[in-house]
Amino acid sequence: MARNLVLVVAIVATLLHGSAATSHVVGDSTGWTIPSGGASTYTSWASKQTFKQGDTLVFNFANGQHDVAKVTKSAYDACNGTNAITTVTTSPATITLNQTGEHYFICAFTGHCAAGQKLAVNVTKASSPSPAPQPSSSPKAASPTPAPKSSSPAPTPASAPASAPVTYTVGGSSGWIIPTSGGASFYTSWASGKTFKVGDILVFNFAKNQHNVEEVTKNNYDACSTSSPIATYNASPVRVTLNKTGEHYFICGFSGHCAAGQKLAINVTGGTGSTPSSPSPSPSGSETPSPGSSPSNPSSPSPAGSSGGSTSPPPKDSGASSLKAVGFSATLISLVAAAFFC
């Protein structure tokens with residue numbers, strides 16, 4: 001019995017080691033900024049880390065002074081933030097490394113990447129715990145009818161880590177404008193290569209008092225009508241959280257802008273794996289959303305000055321995230337049962 005219990009403890013320790021994920025705070029206490037030592041600062045930091053599938057990167061920076069753009073290798077080498085894969089503008093930015101291979105990140109603010117604010121990481125496959133060996137049974141006295149051995153239930157497989165919500169900058173580097181060519185097809189083309197899920201965020205960047213964002217019904221979208229919009233946002237940048245599935249329609253409410261092509265229609269599918277947060281009340285200066293709608297509260301980032309601004313304190317770099325509770329519990333129960341019944 002004592003030998004079986006020791007074996008159970010050893011197996012549990014193996015499971016604890018194999019199912020952990022790590023949260024990496026980029027640059028540690030330096031954070032995500034223009035480094036005094038150039039690009040070698042983040043290259044040196046990354047060389048001391050081991051990035052596994054399911055781990056997260058946490059970027060801490062001053063809102064309004066930096067952002068995090070995930071880009072291709074060619075864009076990373078050229079410090080080109082145009083047509084980024086994703087862009088996160090609010091600190092702290094937490095990005096889950098869902099795929100193996102190389103991942104590239106830059107700050108898209110002019111000159112920041114060229115000054116060394118860029119990071120490349122290589123993600124390897126997460127190690128999974130070895131199959132638990134069956135505990136050895138003690139010799140039993142011979143009997144006319146041998147007692148049947150109890151079978152151990154198969155452990156429940158652990159689920160894959162949920163993907164993080166994605167922030168999309170509408171129109172990429174062009175922003176929310178009257179398209180200079182292509183009319184409405186400009187934003188249709190921008191949206192066509194993307195998969196929008198519940199919890200994702202749309203960011204509309206535009207010149208103050210020259211544009212706005214109105215979420216409308218399909219009929220008003222087709223007719224470019226600003227009558228009774230679901231919600232109106234006037235302060236750039238506008239951040240809209242996609243909190244339900246189905247079609248969503250947006251136009252600019254300024255006269256003639258929608259007809260000239262400043263309109264966007266997207267289809268939102270199932271969630272990213274985490275329940276999106278409830279939207280905040282409508283911003284001041286905007287219309288109150290009609291009942292049944294849940295537009296997100298757009299907010300303007302508060303730039304932090306070089307002397308008076310401050311950022312949120314970086315989270316502690318935890319060595320491991322929480323275990324997958326279901327798979328771990330089932331495995332532990334089965335092993336303890338096997339140890340006592342054998």
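Which residue lies over the face of Tyr76, and at what distance from the ring centre?

Reply: That's Lys118, which lies over the face of Tyr76 at 4.4 Å from the ring centre. Before going on, note that this is a predicted model, where local features need pLDDT of at least 70 and side-chain atom pairs count only at pLDDT 80 or more, while totals for chains, interfaces and linings use all residues. Residues are numbered from 1 along each chain as its sequence is written, and side-chain values use heavy atoms, with hydrogens and water left out.

A charge counts as sitting over a ring if NZ of Lys or CZ of Arg is within 6 Å of the ring centre and within 35 degrees of the ring normal. Lys263 has its charged end over a ring as well, that of Tyr221, 4.3 Å from the centre.

Now for salt bridges (a side-chain nitrogen of Lys or Arg within 4 Å of a carboxyl oxygen of Asp or Glu). Searching the whole structure turns up two. In one, the side chains of Lys73 and Asp77 meet, at 2.9 Å from N to O. These two are four residues apart in helix H3 (residues 73–78), so about one helical turn separates them. Helices here are DSSP runs (H or I, at least four residues), as are strands (E, at least two), numbered from the N terminus. Lys73 is partly exposed at 46% relative accessibility, and Asp77 is partly exposed at 47%; that label covers the range between buried (under 20% relative accessible area) and exposed (over 50%), using a 1.4 Å probe and protein chains only.

Lys218 forms a salt bridge with Asp222, with the closest N and O atoms 2.9 Å apart. Four residues apart in helix H5 (residues 218–223), Lys218 and Asp222 are also about one helical turn from each other.

Then there are rings meeting rings. Rings of Phe, Tyr and Trp (its six-membered ring) pair if their centres lie within 6.5 Å; planes under 30 degrees apart are stacked, over 60 edge-to-face, and the rest tilted. The whole structure has twelve aromatic pairs. One is Trp45 with Phe51: their centres are 5.9 Å apart and their planes at 55 degrees, so they're tilted. Trp45 is buried at 7% relative accessibility, and so is Phe51, at 4%. Trp176 and Tyr187 make a tilted pair too, with centres 5.1 Å apart and planes at 55 degrees. Trp176 is in the loop between strand S9 (167–169) and helix H4 (185–192), and Tyr187 is in helix H4, eleven residues apart.
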